[in-house]
Amino acid sequence: MSTKSQQLIDLDLARGAHNYRPIDVVLHRAKGIHLWDVAGRRYTDMMSAYSTASLGHSHPKVLKALARQARQLDVTSRAFYNDQLPPWLDQLTALAGMDKALPMNTGAEAVETALKLARKWGETVKGIPRDRVEIIGCEGNFHGRTLALVSLSTEAQYRENFGPYLPGFKTVAFGDIDALAQAITPRTAAFIVEPIQGEAGIRLPPPGYLKRARELCRQHRVLFVVDEIQCGLSRTGRLFCFQHNDLDPDLLILGKALGGGVYPVSAVVGSAEVLGVLRPGDHGSTFGGNAIAAAVSRTALTLLSEPEFIDRVARLGDWALAHLKDALGQSPIVRDIRGQGLMMGIEVAPEVGARGLVDALKERGVLTKDTHEVVIRLAPPLIIRKKQLRRALDTVIDVVLSAAPPR
Ligand SMILES: *Cc1c(COP(=O)(O)O)cnc(C)c1O
C-alpha cells in the first residue's frame, strides 16, 4: 500500500469512530464501473455501495441534473412547495402503480416512516387499542441502524448495549409461512420483509413464500410492507423485486439507487388509505423532498426504469449466476451460489471465511465486501458490460479456486 494510503487510513483510525472495518483501499476517483485509489490504481466496483451506484459512478445525466438543479433551486424545506417534488411524486407512484409517496433521505428514515405509518394506520383505521400495535419483522432482517430498527433487528451485534429496545416488535423466521401465521394477532398492524435479504447474505425466500405471506396479510388486514432499499430499482432484473412474485404491497420502501448514486433520496410509496393517515405536522424531514433530491431522483428513475435496461440486467444476471455455478459448483470451499439479477452471493465454508477472499480480490483489482463472515457479495453497477462482468467474475472464480481448502 502507498504511504499516502497508509497515512489517510491512520488518520481515519485516529480521528474517526471505528464503526466500520473497511477494506484497505483509499478511493480518490470513480467513473462508471471503475474506482481509483489515491495511488492511481484502478478497480472494478463489484458492490456499488450496497446498490446505491446502480447507474455506475458519476452518470453524466445524473450529474447534469444535480448541477443544473443546484444552481436553480436548492434546499428550501417543506415550509414551501417546490416545482421539482410534484413531478417526482407523480413519476414514482406511476412506476410503482400506487397512489402516494413520501420522500425522506436515508433508507433508515424511510423504514422509520413506514413503521410510523403502520402504527398510526393500525390505531386509527384498523382500530387497534392505543399503544398496543404490533409489527412483525423477519429474523436476519436489515432495515437500518436507528433505535427502532435495532429494536426490530435479531442481529446480536446491531443490538448489544443499545437497549432499552422499543416495544411492539416481533420477529419470525424468514421464509416460514406457518411462523408468520402464528405470530399474527388482532393487534398486528404490519409485516415488514425484504424480498431478498441483502445484509443477511443475499438470502432468497423459498418460492411462493412472499405470495402466501401477502395473502395471509390480506386475510388478517395486516399491512404487507416490502423493504426494497437494496433489492429494488432494477437490481434483480425487474424494476421492483416484488414484481417477480406478482405482489401488490401496501407499502414499498426505496432508497440507495433512488438518489442516482450521488444524493441521499429515499421514499415510502403506498396506498391513499395508509399514507392518508398523516396530517400536517405528524411527520417530516428538513431535507426530504428538496428540489435537488427530486430532480436527481427523477433522472435516476427515468434511467433505471427503461425496459431495455431492465431486460439487460435480467439476462446478464441469469448468465452470471450460471457462469459462477459452472465454475465454482464443485469447489470444496463453496457452500452455495445464489442471487437474482445482479445481486449475487457466494457462500464459502466458515473455516475459509469471506474476508480473506475479498482482500485477495482487492489485490487483483476487484472491489467488494464480505457479508456475514461467509458470503462474498457481488453486485456491480447495472450498466456493466458483459465483457467487463466476465472479467470480474473470472477474477472472483480464480481467487476462490486458489483459496486453501478447509482442513
Ligand atoms: C441499506 C439498507 C437500509 C438502510 O439504509 P440507509 O440509507 O443506510 O439508512 C435499509 N434496508 C435495507 C434492505 C438496506 O439494504
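## A buried lysine without a salt bridge

Lys126 is buried (under 20% relative accessible area, where over 50% is exposed and the range in between is partly exposed, with a 1.4 Å probe and protein chains only) and yet has no salt bridge, a salt bridge being a side-chain nitrogen of Lys or Arg within 4 Å of a carboxyl oxygen of Asp or Glu. The nearest side chain of opposite charge is that of Glu134, at 8.9 Å, where Lys and Arg count as positive and Asp and Glu as negative, with His and the chain ends not counted. Lys126 belongs to helix H5, which covers residues 107-126; helices (H or I, at least four residues) and strands (E, at least two) are DSSP runs numbered from the N terminus.

## Basis of the model

This is a predicted model, in which local features need pLDDT of at least 70 and side-chain atom pairs count only at pLDDT 80 or more, while totals for chains, interfaces and linings use all residues. Residues are numbered from 1 along each chain as its sequence is written, and side-chain values use heavy atoms, with hydrogens and water left out.

## Salt bridges

Side chains of opposite charge can pair when their charged atoms come close. By the salt-bridge rule the count comes to 14. One of them joins Lys120 to Asp282, with the closest N and O atoms 2.6 Å apart. Because Lys120 lies in helix H5 and Asp282 in the loop between helix H10 (272-275) and helix H11 (291-304), this pair ties together parts that are 162 residues apart in sequence. Asp282 is partly exposed, its relative accessible area being 32%. A salt bridge also links Arg130 and Glu123, with an N to O distance of 3.7 Å; Arg130 is exposed at 67% relative accessibility, whereas Glu123 is partly exposed at 26%.

Asp248 and Arg218 form a salt bridge as well, at 3.2 Å from N to O. Asp248 sits in the loop between strand E8 (223-227) and strand E9 (251-254), and Arg218 in helix H9 (residues 209-219), so that the pair ties together parts 30 residues apart in sequence. Both residues are partly exposed, Asp248 with a relative accessibility of 38% and Arg218 with a relative accessible area of 42%. Through salt bridges that share partners, Arg214, Glu215, Arg218, Asp248 and Asp250 are joined into one network.

## Surface patches

Patches are made of residues with over 30% relative accessible area and no salt bridge, with like charges joined within 9 Å and nonpolar side chains (Val, Leu, Ile, Met, Phe, Trp, Tyr) joined within 5 Å. The place of a charge is taken as NZ of Lys, CZ of Arg, CG of Asp or CD of Glu. A patch of positive charge on the surface gathers Arg42, Arg385, Lys387 and Arg391. Of these, Arg385 is found in the loop between strand E15 (375-378) and helix H14 (386-401), and Arg385 is exposed, with a relative accessible area of 55%.

Leu147, Phe162 and Tyr165 make a nonpolar surface patch of about 320 Å², accessible areas coming from the Shrake-Rupley method with a 1.4 Å probe and, for residues, with only the protein chains shown counting as cover. Tyr165 lies in the loop between H7 and E6 and is partly exposed, with a relative accessible area of 34%.

## Backbone geometry in the loops

Most residues other than glycine have a negative phi, and most peptide bonds are trans. The peptide bond from Gly163 to Pro164 is cis, with omega near 0 degrees. Pro164 is placed in the loop between helix H7 (156-159) and strand E6 (169-172), where Pro164 is exposed with a relative accessible area of 79%. The C-alpha atoms of Pro164 and Leu92 are separated by 37 Å, the two residues being 72 residues apart along the chain.

Asn161, also in the loop between H7 and E6, has a positive phi near 70 degrees although Asn161 is a residue other than glycine, and counts as exposed at 73% relative accessibility. Ser77, which is not a glycine, has a positive phi of about 70 degrees. Ser77 lies in the loop between helix H3 (60-72) and helix H4 (85-96) and counts as partly exposed at 26% relative accessibility.
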